[in-house]
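Q: Hi! Could you walk me through a structure I've just opened? I'd like to begin with the aromatic rings.

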Amino acid sequence: MKKKYSVRFLIATFVCLSALTIAYQMSYRHAKMELKQEVKKEDTSVATEGEAFRSDIYYLQELNGFIAVYQSDKKTVFEYTNIRMEELPKELVKEIREGKKLPSLEAVYGFLENYSS
């Protein structure tokens with residue numbers, strides 16, 4: 001008789017632990033999906049010196065002998081760099097002095113990775 005109770009107790013414990021595990025997994029997935037949706041809603045801007053939107057265009061211009069990244073208004077500095085103008089090829093220096101246009105934030109960071117030391 002005692003063996004029956006111990007088997008039932010073991011089965012009941014297993015069922016309870018399984019139910020708790022399933023409930024935990026479901027709440028974890030739900031919270032993860034909510035977080036992804038919240039991030040998508042808020043993922044329209046990136047803040048550094050100013051505020052930049054994904055659809056903005058960026059310009060590289062000279063500032064005191066260095067390259068600075070400006071937002072689309074060409075007045076607001078988005079980011080300062082330590083890249084010296086004198087270290088760049090002449091053709092690129094000319095483009096930057098005229099205001100080199102970059103279509104996205106990814107293009108800006110790609111350029112900065114290529115030319116930073």
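A: Happy to! Rings of Phe, Tyr and Trp (its six-membered ring) pair if their centres lie within 6.5 Å; planes under 30 degrees apart count as stacked, over 60 as edge-to-face and the rest as tilted. This is a predicted model, where local features need pLDDT of at least 70, side-chain atom pairs count only at pLDDT 80 or more, and totals for chains, interfaces and linings use all residues. Residues are numbered from 1 along each chain as its sequence is written, and side-chain values use heavy atoms, with hydrogens and water left out.

Q: Okay, how many aromatic pairs does that rule give?

A: The count is three aromatic pairs. One of them joins Tyr 24 and Tyr 28, which are stacked, with 6.4 Å from centre to centre and 20° between the planes.

Q: Where do Tyr 24 and Tyr 28 lie?

A: Both are in helix H1 (residues 2-42), four residues apart, or about one turn of the helix. Helices (H or I, at least four residues) and strands (E, at least two) are DSSP runs, numbered from the N terminus.

Q: And are Tyr 24 and Phe 111 buried or exposed?

A: Buried means under 20% relative accessible area, exposed over 50%, and partly exposed in between (1.4 Å probe, protein chains only). Tyr 24 is exposed because its relative accessible area is 53%. Phe 111, at 7%, is therefore buried.

Q: What does Phe 111 pair with?

A: Its partner is Tyr 115, and this pair is tilted: the centres are 4.7 Å apart, with 35° between the planes. Phe 111 and Tyr 115 are both in helix H3 (residues 105-115), again four residues apart. Tyr 115 has 35% relative accessibility, so it counts as partly exposed.

Q: New topic: what sits over the ring of Tyr 59?

A: That's the charged end of Lys 74, 4.5 Å from the ring centre. For the term to apply, NZ of Lys or CZ of Arg must be within 6 Å of the ring centre and within 35 degrees of the ring normal.

Q: What about the phi of Lys 74?

A: Phi is near 60° there, a positive value in a residue that isn't glycine. Most residues other than glycine have a negative phi. Lys 74 is in the loop between E4 and E5.

Q: And what is the phi of Asn 64?

A: Asn 64 has a positive phi too, about 55°, and isn't a glycine. You'll find Asn 64 in the loop between strand E3 (58-63) and strand E4 (66-70). With a relative accessible area of 72%, Asn 64 is exposed.
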